[in-house]
Amino acid sequence: MLTGKRITLAITGSVAAYKTIDLCRSLIKKGAELNIVMSKSAQQFIGPITFSALCGTQPITDLYAGGFPHIQAGQDIDLLVVAPATANTIAKLAGGIADDIVSTTVMASDCPVIICPAMNEKMWLSKATVRNTLTLSSWGYEIIGPKTGSLACGQTGVGRLENTEVIESAITNRLLNIGEIKDKRIMVTAGPTREYLDPVRFLSNPSSGKVGYAIAEEAVRRGGETILISGPTHLARNRFLKFIPVVSAKDLSAEIDGEFDDVDALIMTAAVSDHRFREVSDEKQTKDRIDENIQLIKNPDILKSLSATRKNQILIGFAAETDDIVSRAQVKLKEKNLDFIVSTKVGFNEGFDKDSIEAVIVDKNSHKDLGMIPKRELAVEVINKLAVLL
Ligand code: C5P
């Protein structure tokens, strides 16, 4: 599948360096021709001999070994991947410093570049790394990850090297130009809404926002100009998107209206409350003052009203169902006049806040059963289908 594609993999000094062994094996298995470049500190974590055994060629580790190793590694290739990319290497690339084999190879390259950062959370969130990755992204470098999880230093947070499969699929997509949504404006809504009765009570649902955030991240990764409108969640967001926080269905609707004319697609994963309280009080209601027959009124259906007025925006809905996940989605697809809908199975102990979910993609002509699928992979499926429609 990657036969004849020439990739340079530049490895820098993070504990995650060992994870590139799997990446190498898998890319070679797919037919890619690999060149390996290793920084000095990468070699503290893993030896070049491992890669020469895997790839059949000696990794380039020294800028002064004779000839022009950085030109050899950076040019006449299809893709350059820096994984793991440390804060130090990212800073050098953003600052134009070329003082070792990795930084000179990247600077001398004339092909697409993918950067996969891995570092401690504080380092990833530091002002310097935020600025440097934004700079690289603005130059068209594709930034993959990092993800949240346990870090080598023993802490938990964002900074873990992205999974090998995700990096590999980014490499494949880039090399084969699959599912590019470059320069398309994608609006994603995510998370629950809250409908307040008074300052201390609200009506909501258990949506965690994981699907919507994964979709927004995938849209960014594929080059989409992405807006994420989110109800309250605890999730870390990708730094390359426009983020708009909201609370109620009414707020969400107003923010969508403000952006809708200029987007190419709306992916509505938000679990919008169907109802709100008729009366909202600014003061906490005492127990005795709350009417047992408290009155609710219906929130307008945002997607349905947009589908009546849209120009040529693609509209994608989500449904969370406890049963009949295909037939109910088919009804909603028609009622809301959507391009497609993703129907998911939820229950007291499934769907919400989990990392995987049972899902089916339903459009006018067919449905694709994805079974139990990691939410990150569901995001890839959704953007793949959107890319075809765009
Ligand atoms: O009809 P149901 O609420 O199950 O439809 C779910 C889809 O409709 C989701 O995409 C959700 O974001 C959207 N929705 C909406 N406005 C509402 C309720 C749901 O746009 N008031």
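Trainee: Which element gives the largest share of the lining of the largest pocket?

Mentor: Helix H10 does, with seven residues. Helices are DSSP runs (H or I, at least four residues), as are strands (E, at least two), numbered from the N terminus. This is a predicted model, where local features need pLDDT of at least 70, side-chain atom pairs count only at pLDDT 80 or more, and totals for chains, interfaces and linings use all residues. Residues are numbered from 1 along each chain as its sequence is written, and side-chain values use heavy atoms, with hydrogens and water left out.

Trainee: What is a pocket, and what volume has the largest pocket?

Mentor: On a 1 Å grid over the protein atoms alone, a pocket is an open set of points where a 1.4 Å probe fits, with protein on both sides within 12 Å along at least five of seven lines. Lining residues have an atom within 4 Å of a point. Points are joined across faces, edges and corners, and the volume is the space filled by probe spheres set on them. Here the largest pocket has about 1,200 Å³. It is lined by 39 residues, and Lys147, Glu162, Ala214, Glu217 and Arg376 are the closest to its centre.

Trainee: Where does the largest pocket lie?

Mentor: Domain bounds come from an automatic or database domain assignment. Domain 1 (6-177) and domain 2 (185-389) both give residues to the lining, so the largest pocket lies between them.

Trainee: How many lining residues of the largest pocket fall in each class?

Mentor: Ala, Val, Leu, Ile, Met, Phe, Trp, Tyr, Cys and Pro count as nonpolar, Asp, Glu, Lys and Arg as charged, and the others, Gly among them, as polar. The lining has 18 nonpolar, eight polar and 13 charged residues.

Trainee: How many salt bridges does a search of the whole structure find?

Mentor: A salt bridge is a side-chain nitrogen of Lys or Arg within 4 Å of a carboxyl oxygen of Asp or Glu. The search finds 22. In one of them, arginine 174 pairs with glutamate 142, with the closest N and O atoms 2.7 Å apart. Arginine 174 lies in helix H9 and glutamate 142 in strand S5 (residues 142-143), so the pair ties together parts 32 residues apart in sequence. Glu142 and Arg174 are also linked with Glu218, Arg221 and Arg222 in a network of salt bridges.

Trainee: Are arginine 174 and glutamate 142 buried or exposed?

Mentor: Buried means under 20% relative accessible area, exposed over 50%, partly exposed in between (1.4 Å probe, protein chains only). Both are buried. Take another pair: aspartate 355 and lysine 210 meet at 3.1 Å, N to O. Aspartate 355 is exposed at 56%, and lysine 210 is partly exposed at 22%.
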